[in-house]
Amino acid sequence: MMTVQATKIGTNAEPADTPILEMRGISQIFPGVKALDGVNIALYPGKVTALIGENGAGKSTLVKILTGIYRPNEGEILIDGKPTTFANAQDAIDAGVTAIHQETVLFDELTVGENIFLGHAPKTRLGLIDWRQINERSRTLMQALESDIDPTTKLKDFSIAQRHLVAIARALSVEARIVIMDEPTAALSRKEIDDLFRIVEGLKRQGKAILFISHKFDEVYEIADNYAVFRDGRMVGSGVLKSTPQDEIVRLMVGRDVHDVFPKTPAVIGASVLSVQGYSHETEFRNISFDLKKGEILGVYGLIGAGRSELCQSLFGITRPAAGSLTLEGKPITISSPADAIAAGIVYVPEERGRHGLALDMPIYQNMSLPSLIRTSVSGFLKAANELKLARKYAERLDLRAAALSVPVGTLSGGNQQKVVIGKWLATAPKVIILDEPTKGIDIGSKAAVHGFISELAGEGLSIIMISSELPEILGMSDRVLVMREGLSAGIYERDGLSAETLVRAATGNA
Ligand SMILES: Nc1ncnc2c1ncn2[C@@H]1O[C@H](COP(=O)(O)OP(=O)(O)OP(=O)(O)O)[C@@H](O)[C@H]1O
Ligand SMILES: [Mg+2]
C-alpha cells in the first residue's frame, strides 16, 4: 500500500520514502539488441539521481521511454504510485516529465524564443500565440542561465555552447516535477556548468526529482545524491552516492578496475611535419606559431572561447587565416578548403561530432570508409571486404559497441557514434590529425582504449594535435602543450614536470 508522502523536502533531508516516479521491470528491445532488460529505478523529490553506465548501456533509451518517445516492451511506470503509460511525448509532458536530450533538435531558422517554446507556446485569451510572453519568459530563462542572449535572434547566429543553453532553457520552460538531463554539460564551460548546477539546486529545493546523466565523475559527485548504474541494459547497482567511492561505481559500470592513468607510451619524436608560422584570424586568434613533429602529440589547452577550435578549423581550411604560413614536410602549402587539407594529409575531427559527418542511415562500416574512399577513388574502388576489414580494425581499437558493423550508425548510442567519427578520420591514414575534445561523451572504460590507440598511432609516426579541456587528458597524453588565452599563445610547455597548476595559470593569465 502506498502512503501519502510526508513533506520532508529540502537539500538536507534524507531520501523521502516515496518516489515521485518509479520504473519497474522495464525492457526495451530493438532488432538484435535488448537495450534495457528488466530495469528498476526510482526518483525521489528533492533528489538528484545520477544514471551512470558505459556507452550503449541504455541510459538514453531510458530517457526516451520517460519522455514518451519509445513504448517499452515490458514493465511499468508509476507516478505517485499510480501506473501510467506515455503514448507520446505530450503524455509525458502532461505527466510532469521534461528532459534535456543528449541531442536536442533545434531549428536554425527559428528564433531562440521560438525554439524554447515550440510545441508548448503560451496563448493569449483570444487563442493566438503570445509572442510577448514567449520573449519575456525566454529572456528570464536565459538570464537564469547567466546568458543575455536576445530571444528574438535566430538560433543560427549562436555557438555550440549557446545552443546548448537554449536546449536547457527549452526543457526548463515546461512546468515539470521530474527533470531529466542527458549529458547536459558536455558542451558547456565550467562557468556555464556552475550556472546550470545552481539551477539544479533550485529545482531540488522546489522538491523536483532530477535524473542526471554524465560521464564526468567530478560533476556526478558534485551534484547527485543517489546513483544507479547500468551495464548492458541491466541495473547493476544503486544507492546513496556520498557513501560510495568512485572505484566501486567504476567497477559496477565496467566490471573491472580502470585507472585514471592514460596509457601514453613514449614515442620517438622526429623532424617537424607541420610548421605553423604567425597564423592569425581576423577576429578569433592572432600570431600563433608552432612546429608539430613526427610522432608528436601536441595538446592544446585553454578556456572555452580561447580560440583553440577556431585555430584548428582554419588549419583544416574551414575558415581562411588573415595572415601566416604553413609548411608541410618542408614544403610551403596553402589550404583554402577542407578538400585541400584532406588531400595534403591533414584531417580534423570536430568537437560537435553528432550533427556533422555521419550518414545516419548508412551502416557503420560504410561511414568509416567514407573519407578514405575520397582518397582512394583516384586509384579505383574499395571492395566491401576491404571496407569491412578496415572498419573492424578501428571498431575494435576504439572499443566500439555495436550489434554488427552493418547496422545503421543512427542506431548507435551517442558515445559510440562519436567513436565512428574518430575512426573514419583515422582510417584515412593522415599525416596530421587534429582531434577536438576526442573523448567528450566517451565512457571511462572506452576512454582508456581511445587514448591507447591515439598513443599507438603516434608511435607509428602520426602527428597529432589534441584540443582538450580536461587537464588529466592533456597532461597524460601530450608531449608538449600549447596554451591559448584570448586568441593568443600563452606559451608552449614541455611534458616533463608539467603541472595542472601551470596550465591553468597560463590559460587564465594568473601567472
Ligand atoms: N533506435 C534504435 N534502434 C536500434 N538500436 C538502438 C536504438 N536506440 C538505441 N539502440 C541501442 O540500444 C543500446 C543502448 O543505447 P543508448 O543510446 O540507450 O546508450 P547510452 O547508455 O545512452 O550510451 P551513451 O553513453 O553512448 O550515450 C545500444 O546498443 C544502441 O545501439
Ligand atoms: Mg546516451
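**Ground rules.** I worked with a predicted model, where local features need pLDDT of at least 70 and side-chain atom pairs count only at pLDDT 80 or more, while totals for chains, interfaces and linings use all residues. Residues are numbered from 1 along each chain as its sequence is written, chains are lettered from A and ligands numbered from 1 in the order in which they are written, and side-chain values use heavy atoms, with hydrogens and water left out.

**Entry: strand 13.** I began with strand 13, residues 297-301. Strands here are DSSP runs of E with at least two residues, and helices are runs of H or I with at least four, numbered from the N terminus. Five of its five residues are buried, so the strand is largely enclosed by the rest of the structure. (Buried means under 20% relative accessible area, exposed over 50%, and partly exposed in between, with a 1.4 Å probe and protein chains only.) I saw Ile297, Gly299 and Tyr301 pointing one way, with Leu298 and Val300 pointing the other.

Which strands pair with strand 13? I found strand 18 (residues 463-467), parallel over four bridges, and strand 19 (residues 480-485), also parallel over four bridges. Pairing needs at least two DSSP bridges between the strands. Gly299 has Met466 of strand 18 as its bridge partner, and Tyr301 stands opposite Val483 in strand 19.

**Entry: magnesium.** Next I looked up the magnesium ion, ligand 2. Its protein donors are Ser60 (OG) and Gln102 (OE1), at 2.1 to 2.2 Å. Ser60 sits in helix 1 (residues 59-66) and Gln102 in the loop between strand 6 (97-100) and helix 3 (112-117), so the pair ties together parts 42 residues apart in sequence. Donors are N, O and S atoms within 2.8 Å of the metal (3.2 Å for Na, K and Ca), and because water is not among the atoms, sites may look incomplete. Ser60 is buried at 16% relative accessible area, whereas Gln102 is partly exposed at 23%.

**Entry: the loop again.** Phe107 is found in the loop between strand 6 and helix 3. Phe107 is partly exposed, with a relative accessible area of 40%.

**Entry: helix 9.** I finished with helix 9, residues 308-315. Six of its eight residues are buried, so this helix is largely enclosed by the rest of the structure. I listed Arg308, Ser309, Leu311, Cys312, Ser314 and Leu315 as the buried ones. Gly317 follows the helix, and its phi is positive, near 85°.
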